[in-house]
Number of protein chains: 2
Amino acid sequence: MPAPAKKTSTKNEPAASASGRSDRLDARVLETLVGYNARRAWLIISSVFSERMAPYGLKQIDFSVLSLLAHNPGATSRQLCTTLDILPPNLVSLVATLDSRGLIERRPHPHDGRAVGLHLTSAGEALVRDAEQTVVQLEADASAQLTARERETLIKLLQKIYL
Amino acid sequence: MPAPAKKTSTKNEPAASASGRSDRLDARVLETLVGYNARRAWLIISSVFSERMAPYGLKQIDFSVLSLLAHNPGATSRQLCTTLDILPPNLVSLVATLDSRGLIERRPHPHDGRAVGLHLTSAGEALVRDAEQTVVQLEADASAQLTARERETLIKLLQKIYL
DNA sequence: TATTGTTATACTCTATAACTATA
DNA sequence: TATAGTTATAGAGTATAACAATA
């Protein structure tokens with residue numbers, strides 16, 4: 001289970017008032033840092049994600065893998081690891097679980113006997129379709145304070161950092 | 001230790017070319033999500049943070065606590081927990097370590113016998129001064145692809161989500 | 001009765017080393 | 001020799017329950 005995610009909505013106040021003991025401290029220095037802000041924003045979206053995706057039994061990493069397989073049929077574990085920046089040992093049980101749930105299938109790789117091509121089953125395809133819609137909606141709700149234009153800008157700027 | 005953070009710099013290509021086996025998959029759907037992008041960007045900054053702050057022996061949470069105490073002398077554990085959205089049990093050993101390193105001091109709280117006021121020592125103050133400068137530099141480097149104006153915008157938009 | 005700080009503990013996430021089977 | 005996938009495991013990070021001291 002994820003973080004509390006209270007979002008106590010203390011807008012843009014001049015921080016700690018000297019009179020009267022306050023709970024929230026002056027965090028203005030931390031709030032000038034991209035890293036701090038990116039993490040805090042992710043934490044909020046993350047908690048909404050967990051709530052709304054629980055019915056599907058999908059965590060963020062599960063959704064990422066399934067969505068990737070939906071658009072890259074036959075991708076290998078190694079390709080998933082490279083794309084998502086996770087380590088091979090940490091993908092093994094995840095893939096095994098998705099397999100045992102009947103959401104994906106492992107087929108022998110056409111050109112490489114060591115590799116295994118991963119494919120969505122029709123159940124997996126149906127689940128991803130629903131899950132992707134839920135994620136789009138949840139993202140819209142979590143970023144409701146942003147206009148469509150601002151949301152685009154935000155994503156573009158974030159990608160300038162990591163892409 | 002943090003993530004690999006390769007930043008393999010595959011700019012804006014039309015994704016998976018059909019010919020020739022590629023390593024990186026088509027992640028265009030995930031790249032439309034604020035949560036995914038925020039996490040990826042944070043991961044990059046996070047790894048730079050770990051490298052550059054290792055000489056100070058400070059993790060991100062340590063730095064957050066020390067920086068908060070620098071600007072909120074006498075803050076309590078509970079206030080730190082509320083501000084940083086972490087749970088009290090997880091702050092205990094952290095504070096104990098900073099104390100045993102001689103960076104902070106625990107003083108009886110003036111108005112509340114249960115609480116403990118946390119204060120930086122002069123060694124702590126000196127360390128925070130250096131560390132804050134390093135963080136500012138590291139942030140500038142990590143977001144070097146952004147103009148000053150873009151960086152401000154990015155932070156403002158992230159705060160619209162979590163603040 | 002409620003709150004601050006604490007202990008103990010469990011669960012998840014992330015990381016490393018080492019193995020196997022194919023290339 | 002190098003790579004794909006796997007096993008086992010260790011270390012962070014994050015969560016809950018329960019307690020003592022104080023309000």
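The model is predicted: local features need pLDDT of at least 70, side-chain atom pairs count only at pLDDT 80 or more, and totals for chains, interfaces and linings use all residues. Residues are numbered from 1 along each chain as its sequence is written.

**Interface of chains B and A**
- The contact (heavy atoms within 4.5 Å) takes 64 residues from chain B and 64 residues from chain A.
- The two chains bury about 6,700 Å² between them, 61% of it on carbon and sulfur atoms; this is the accessible area (1.4 Å probe) lost on being put together, summed over both.
- Six salt bridges are counted between chain B and chain A, each a side-chain nitrogen of Lys or Arg within 4 Å of a carboxyl oxygen of Asp or Glu.
- Glu150(B) forms a salt bridge with Lys160(A), with the closest N and O atoms 3.0 Å apart.
- On the side of chain B that touches chain A, 29 residues are nonpolar, 18 polar and 17 charged.

**Helices 2 and 3 of chain B**
- The axes of helix 2 (residues 60–71) and helix 3 (residues 77–84) of chain B come within 11 Å and cross at roughly 120°.
- Ile61(B), Ser64(B), Val65(B), Leu68(B) and Leu69(B) of helix 2 meet Leu80(B), Thr83(B) and Leu84(B) of helix 3.
- By class, this helix contact has six nonpolar, two polar and no charged residues.

Conventions
Chains lettered and ligands numbered in written order. Heavy atoms only, no water. Axes fitted to C-alpha atoms, helices over the stretch in contact; angles between N-to-C directions. Helix = DSSP H or I, 4+ residues; strand = E, 2+ residues; numbered from the N terminus. Nonpolar A, V, L, I, M, F, W, Y, C, P; charged D, E, K, R; others polar.
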